[in-house]
Structures are given as structure tokens and as C-alpha cells.
Amino acid sequence: MSNSGSGNINNGDEDDDQKLLWKYITKGDKTSGGGGNVRWQCNFCHERKQGTYTRVRAHLLKLPNKGIESCKKVKQSDISEMKKLEEEAKQRALSFAPKRVPLPPNTSGLQNVDSKKRKMSIDSNLISKAFNLKARDQLHAEIARMFYTAGLPFNLARNPYYVSSYVFAANNAISGYLPLGYNMLRTTLLQ
């Protein structure tokens with residue numbers, strides 16, 4: 001990296017692995033606009049600006065149409081280094097992302113060669129269709145995967161609100177319904 005940008009590095013946000021370009025600016029106070037808006041100074045051109053990390057990134061990487069002027073002092077070699085840092089951070093984040101846990105294989109659909117067993121298999125297929133057993137098995141596996149991947153305690157399954165939420169969802173066809181998101185849980189519904 002060039003010497004023009006290496007001085008006065010801000011290490012205040014080292015814990016934010018995805019926003020590595022903060023270290024190429026000197027961060028000031030938060031602005032009254034809310035959100036992630038802060039006052040900052042570019043370590044390359046020394047211009048004072050304000051905005052979110054998106055604006056810092058657009059300024060340093062010379063991204064067009066982002067509502068901020070590109071840095072005139074940053075060199076192509078600096079941009080390459082910054083992009084490399086971002087790519088490495090992205091790869092690190094992917095390696096720590098939750099892995100998809102495979103569902104157990106479905107053994108209920110196996111056909112038997114013996115004629116008596118075949119007759120029984122046909123009868124069990126009719127019962128399976130009548131009670132939608134494949135969909136139930138799939139739902140059980142999806143719920144189990146949620147518990148396993150999130151490290152949820154198994155006694156959550158005894159919570160009457162957990163049970164009533166699934167009973168309500170099963171008995172009321174709400175077309176296009178998506179489960180609650182992170183933000184709604186921690187803001188709107190919590191209030």
C-alpha cells in the first residue's frame with residue numbers, strides 16, 4: 001500500500017470483519033441523522049466527509065453512482081489491495097457460516113419384493129397419502145434441523161407457545177406467509 005494512506009489508521013472497529021475499509025479513514029463522531037452515519041476523513045486525500053460504510057467503500061474503491069465523490073489520491077494498487085482484503089474477509093465469513101445439515105434419508109417409500117409385503121406396502125401408501133405422512137416427516141426433519149443448527153435447547157419443544165404456533169400455522173392456511181425475521185422479533189413485536 002502507498003505511504004499516503006498508511007498513516008493515521010483507525011482501529012476502532014477491528015471486530016467488524018466485513019467492513020475492513022474503515023481502517024483507511026479516520027472516523028469521527030456519529031451524525032445526528034441516525035443509522036451508521038459518521039463523520040470521517042479519508043487517509044489518502046484527507047477530505048472530510050460523512051456517511052455510512054457504503055459511502056466510505058464507494059469513495060475509496062471509486063464506485064460510480066453512490067452519492068459520493070471518488071478519492072483522487074487512491075492508486076490502482078491500493079484499490080487492488082482493498083478488494084483483496086474484502087474478498088479474504090468474505091471467504092472467512094463463508095467458512096464460518098452455518099452449514100446445511102442433511103436430512104435423514106426417507107425409508108418409508110421402500111418397496112418389498114415379497115407379495116404379502118407388497119400388498120402391505122400398497123395399503124401403507126394409501127394411509128400415508130391420507131395423513132400426508134411424507135409432508136409430516138419432512139416438517140419434523142426441518143424442525144429438528146432448526147434445533148440442531150441453532151443449538152436450541154430441546155425443552156423448547158415443551159413450551160406451550162412453541163406448540164401453539166405450529167398448531168395455528170397448520171390449521172390456518174396463510175398463503176405466502178414467511179416466518180418472523182430478526183428485525184421484527186427484536187423491534188416491533190418486542191415493543
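Q: How do the axes of helix α1 and helix α2 cross?
A: This is a predicted model. In it, the axes of α1 (residues 53-61) and α2 (residues 76-96) come within 10 Å. They cross at roughly 140°.

Q: Why oblique for α1 and α2, with that angle?
A: The cut-off for roughly antiparallel is over 145 degrees. The crossing is roughly 140°, and that makes α1 oblique to α2.

Q: Which residues make the contact?
A: From α1, Tyr-53, Arg-57, Leu-60 and Leu-61. From α2, Ile-79, Met-82, Lys-83 and Glu-86.

Q: How many of those are nonpolar, polar or charged?
A: The contact of α1 with α2 has 5 nonpolar and 3 charged residues. It has no polar ones.

Q: Switching to the sheet. What is the strand order?
A: The order is β1-β2-β3. These 3 strands form an open sheet, and the pairing is antiparallel.

Q: Which strands stand at the edges?
A: β1 (25-30) and β3 (48-51). Each has a single partner strand, so one side of each is left without a neighbour in the sheet.

Q: What does the twist average?
A: From one strand to the next, the twist averages 30°.

Q: How many bridges join β2 to β3?
A: There are 4 bridges between β2 (residues 38-42) and β3. The two strands run antiparallel.

Q: And what is the bridge partner of Gln-41 in β3?
A: Gln-41 has Arg-48 as its bridge partner there.

Q: New topic: pockets. What volume does the largest pocket have?
A: The volume of the largest pocket is about 780 Å³.

Q: Which residues lie nearest its centre?
A: Ser-165, Tyr-166, Tyr-177, Pro-179 and Leu-180. They belong to a lining of 21 residues.

Q: Which helices each supply at least two residues of that lining?
A: Both α4 (133-150) and α5 (160-171) do.

Q: Where does the largest share come from?
A: From α5, which gives 6 residues to the lining of the largest pocket.

Q: How do the lining residues divide into nonpolar, polar and charged?
A: The lining of the largest pocket has 16 nonpolar residues. Another 3 are polar and 2 are charged.

Terms used:
Residues are numbered from 1 along each chain as its sequence is written. This is a predicted model: local features need pLDDT of at least 70, side-chain atom pairs count only at pLDDT 80 or more; totals for chains, interfaces and linings use all residues. Side-chain values use heavy atoms; hydrogens and water are left out. On a 1 Å grid over the protein atoms alone, a cavity is a set of points where a 1.4 Å probe fits but cannot get out, and a pocket is an open set with protein on both sides within 12 Å along at least five of seven lines; lining residues have an atom within 4 Å of a point. Grid points are joined across faces, edges and corners, and a volume is the space filled by probe spheres set on the points. Ala, Val, Leu, Ile, Met, Phe, Trp, Tyr, Cys and Pro count as nonpolar, Asp, Glu, Lys and Arg as charged, and the others, Gly among them, as polar. Axes are lines fitted to C-alpha atoms, for helices over the stretch in contact, and angles run from 0 to 180 degrees between N-to-C directions. Angles under 35 degrees count as roughly parallel, over 145 as roughly antiparallel, 65 to 115 as roughly perpendicular and the rest as oblique. Contact means heavy atoms within 4.5 Å. Two strands pair if DSSP finds at least two bridges between them.
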